[in-house]
Amino acid sequence: MVAVYPPIVFGAGALLAWRFGRTRVFALLVVLALLERAHMGSAPGLLGGLAGGLAGGSAPGGALGGAAGDVDGAVTAARAAAALAATGLAPLLAAMAWGRDRGIRSLEGALHVGGAALWGGLLSVAPLVRPAWAEAVAGVRLLPGGWTAPWGLADAPFVALVLAALVALWAAVRREGGVERALVWTALLVLGAAAADAAHLRQAWLAAAGLVGLLTVVEVSYALAFRDDLTGLPARRALRAHLAEVAAPFAVAMVDVDHFKRFNDRHGHDVGDQVLRMVAARLARVGGGGRAYRYGGEEFTIVFAGLDAAAAEPHLEVVRAAVAEARFGVRRRVRPATRAR
């Protein structure tokens, strides 16, 4: 059962990612599947050399990438090739964190999938490259001695994977995106696989990374269906689901932005979108247990579970006043670089 679990996770996640156009998650799951197969050594000839590097060697754990040998400062060709492939994984993760999902048929989507294919090619040919090239990567010293020994990694792949995790973390904080968060966890779980000293533990770490990717597809797809992308509020479909399960008493308020079309025509849709985001942010803070939804256009809905209309009205008046008193300055298209004080 344990042996079939990773292929099920990777396969199901890849199918969902392909279906919903999540190119980065699809490419990530392909990479993890290849890496897991390399760990298990189930692809003779193609990945066998790398699997030997992953499982062998005298470094603690002997996992992903291996470590430099202690005899004459050299490493075996297989372990050096594994370090080369592990180092190549890091920039691929960083590129995925930097990019966006544009669909499988888009240029960016093709680059994501192509990057995974190129890394798979590196994985397959790494044991065959000139040993000196791979040993140069595995033998480089970037950190004080012993820092990477517990991870079973040479310095280059360890530093590269940590930097990739930091890039993904920066993108996750900046964009608040589920895929970026998944890439952070992937880099950390790959490091966990590197530190494992048994094949089944390495397999479990990588399968956990694949599960993160699968759950990310579910999370992102749910957000697209039930959350409004512009305002961040729950969308109309979420409103319908809430109304279907809420019990009496409850109150429903429809909120409309006055003269919004006139404002939108005068200042443009970009400025109008900013107004909608400002209004949505204040509606989201409504009291009385109210829950705000984007109904469509400049219309919003607030649902008060457990309150009747009379009890909900004071809370609506507070949020109406907050929107009315909010300052929103529209600056001219041609304006000074600094704002006047």
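Predicted model: local features only at pLDDT ≥ 70, side-chain atom pairs only at ≥ 80, totals over all residues.
At 56% relative accessibility, His 259 counts as exposed, because the threshold for that label is over 50%. His 259 sits in the loop between β1 and α11, and its backbone deserves a look: phi is near 60°, a positive value in a residue other than glycine. Most residues other than glycine have a negative phi, and most peptide bonds are trans.

Is Val 257 buried or exposed? At 16% relative accessibility, Val 257 counts as buried, because the limit for that class is under 20%. To see what surrounds Val 257, set aside its neighbours within four places in sequence: the contacts that remain include Val 279, Glu 298 and Phe 300.

Three strands form an open sheet in the order β1-β3-β2, and their pairing is antiparallel. The edges are β1 (250-256) and β2 (290-296), each of which pairs on one side only. Direction ignored, neighbouring strands in this sheet are turned by 20° against each other on average. Between β2 and β3 (residues 299-305), which run antiparallel, there are 6 bridges.

Helix α12 (residues 269-283) lies across β1, β2 and β3 and runs at about 5° to β3. Helix α13 (residues 309-325) lies across β1 and β3, and the angle to β3 is about 125° in that case.

From Ala 248 to Pro 249 the bond is cis, with omega near 0°. Pro 249 belongs to the loop between α10 (236-245) and β1.

Helix α8 (residues 178-195) and helix α9 (residues 199-226) pack at an angle of about 175°, and their axes are 8 Å apart. That makes α8 roughly antiparallel to α9, because angles over 145 degrees fall in that class. The residues of α8 in this contact include Trp 185, Leu 189 and Val 190, while those of α9 include Trp 205, Leu 206 and Val 212. Charged side chains take part too, among them Arg 181 in α8 and Arg 202 and Glu 219 in α9. By class, the contact of α8 with α9 has 12 nonpolar, 4 polar and 3 charged residues.

Finally, step back to the chain as a whole. It has 13 helices and 3 strands. Of its 341 residues, 44% are buried. The chain exposes about 18,100 Å², and carbon and sulfur atoms supply 61% of that area. How many of the contacts between residues at least 6 apart in sequence join residues at least 24 apart? The share is 68%.

Key
Residues numbered from 1 in each chain as written. Heavy atoms only, no water. Axes fitted to C-alpha atoms, helices over the stretch in contact; angles between N-to-C directions. Helix = DSSP H or I, 4+ residues; strand = E, 2+ residues; numbered from the N terminus. Parallel < 35°, antiparallel > 145°, perpendicular 65-115°, else oblique. Contact = heavy atoms within 4.5 Å. Pairing = 2+ DSSP bridges. Buried < 20%, exposed > 50% of the residue type's maximum accessible area, 1.4 Å probe, protein only. Areas by Shrake-Rupley, 256 points an atom, 1.4 Å probe, with all protein chains shown as cover.
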